[in-house]
Amino acid sequence: MKIFAAPLQGFTEATWRNVHNETYGGIDTYITPFIRIEKGEIRNKDIRDTEKKNNSVPHLIPQIIAATPDELLPIAEFIAKEGYCEADINMGCSFALQVRKQHGAGLLPHPEAVAALMKATGEMPEIKFSVKMRLGWDNKEEWRNILPILNDTPLTRITLHPRLGREQYKQPADREEFARFYEECRHPLVYNGDLTTLEEMNRTAEEFPRLEGLMVGRGLLGNPALGKEYKEQRNLSHGEKASLLAAFHDKFYQA
């Protein structure tokens, strides 16, 4: 099963990704923190983080946050010009400043806005799109109005974090609702949420055998060796983790 590294604003930027891959490995695909339009332009910080010259991981997918096609398409064009053929659309961010702009999880109560974004992806045939989402913003039934739209869009995958946006990370991931989504989703599906140990990852893979992969976020920050442990199917010793962490810190602060 593939292992994806979740995008975490302020943490998983290019330097972290590059050094993590070189030191630990175990990750098949890294996702960038979301790229956004600010004051009518793509943020310079996001451009630098995404540029291929600044990234050395073997597989990187840029992520877009947008409420309308007018926001999505310029970012997708930048991604294509930079030489990427994939992009992920963020429909899960729960930060209030973004949600108020109908970004991230703020899209989920608005299926018509989601439909407009999905239609716009057809204007960029050189890019294969995926979606990362939550169950909803305020109601765990909201996904039921969104999934038919996504099922009808030629996406490469959906990553589902089975929480509500307004919950942020305060409630346990709702695995029962994930199971319902899993049964109705017609795209390759990735599970994200509360994966902090090898045992939890194996349990999830066994419970949902049709998954394309597992996405680790906060668990990877807490234990940067988590992907390596999954690939090797063993818990690293305290000494091994200490040695890898020291190497990571040395390389990170020299980068």
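**View 1. Strand S2 and its neighbours S1 and S5.** Ile35 has Ile64, in S5, as its bridge partner. This is a predicted model, in which local features need pLDDT of at least 70 and side-chain atom pairs count only at pLDDT 80 or more, while totals for chains, interfaces and linings use all residues. Residues are numbered from 1 along each chain as its sequence is written, and side-chain values use heavy atoms, with hydrogens and water left out. Helices (H or I, at least four residues) and strands (E, at least two) are DSSP runs, numbered from the N terminus. Two strands count as paired if DSSP finds at least two bridges between them. S2 and S5 pair in the parallel sense, over four bridges. S2 also runs parallel to strand S1 (residues 2-5), and two bridges join them. The partner of Phe4 in S2 is Thr29. S2 is mostly covered, with seven of its seven residues buried. Buried means under 20% relative accessible area, exposed over 50%, and partly exposed in between (1.4 Å probe, protein chains only).

**View 2. Strand S10 between its partners S1 and S9.** S1 is joined to S10 by four bridges, and the two strands run parallel. Lys2 stands opposite Gly213 in S10. S9 and S10 are paired in the parallel sense as well, over three bridges. Here Tyr191 has Leu214 of S10 as its bridge partner. From S10, Gly213 and Met215 point one way and Leu214 and Val216 the other way, and all are buried.

**View 3. Aromatic pair of Phe178 and Tyr191.** A pair of aromatic rings is described by the distance of the centres and the angle of the planes. Rings of Phe, Tyr and Trp (its six-membered ring) pair if their centres lie within 6.5 Å; planes under 30 degrees apart count as stacked, over 60 as edge-to-face and the rest as tilted. The structure holds eight such pairs. One of them, Phe178 with Tyr191, is edge-to-face, at 4.7 Å centre to centre with 75° between the planes. Phe178 lies in helix H7 (residues 175-184) and Tyr191 in strand S9 (residues 189-192), so the pair ties together parts that are 13 residues apart in sequence. Both Phe178 and Tyr191 are buried.

View 4. Phe248 and Phe252 form a stacked pair, 5.8 Å centre to centre and with 20° between the planes. Both residues lie in helix H11 (residues 238-254), four residues apart, which is about one turn of the helix. Phe248 counts as buried because its relative accessibility is 8%. Phe252, at 26% relative accessibility, counts as partly exposed.

**View 5. Charged ends over the rings of Tyr84 and Tyr191.** A charge sits over a ring if NZ of Lys or CZ of Arg is within 6 Å of the ring centre and within 35 degrees of the ring normal. The charged end of Lys52 sits over the ring of Tyr84, 4.8 Å from its centre. The charged end of Arg175 sits over the ring of Tyr191, at 5.3 Å from the ring centre.

**View 6. The largest pocket.** Rolling a probe the size of a water molecule over the atoms shows where empty space is left. On a 1 Å grid over the protein atoms alone, a pocket is an open set of points with protein on both sides within 12 Å along at least five of seven lines, a cavity is a set where a 1.4 Å probe fits but cannot get out, and lining residues have an atom within 4 Å of a point. Grid points are joined across faces, edges and corners, and a volume is the space filled by probe spheres set on the points. The largest pocket has a volume of about 480 Å³. It is lined by 31 residues, of which Pro7, Leu8, Lys132, Arg134 and Tyr169 are the closest to its centre. Elements that each supply at least two lining residues include strand S2 (29-35), strand S7 (128-136) and helix H9 (218-222).

**View 7. The two cavities of 30 Å³ or more.** The largest cavity has a volume of about 60 Å³. Among its lining residues are Phe4, Ile31, Asp88 and Met215. S7 gives the largest share of this lining, three residues. The second largest cavity has a volume of about 50 Å³. Residues that line the second largest cavity include Gln9, Phe34, Ile35 and Arg43. Helix H2 (44-50) and S2 each supply at least two residues of that lining, and the largest share, four residues, comes from H2.
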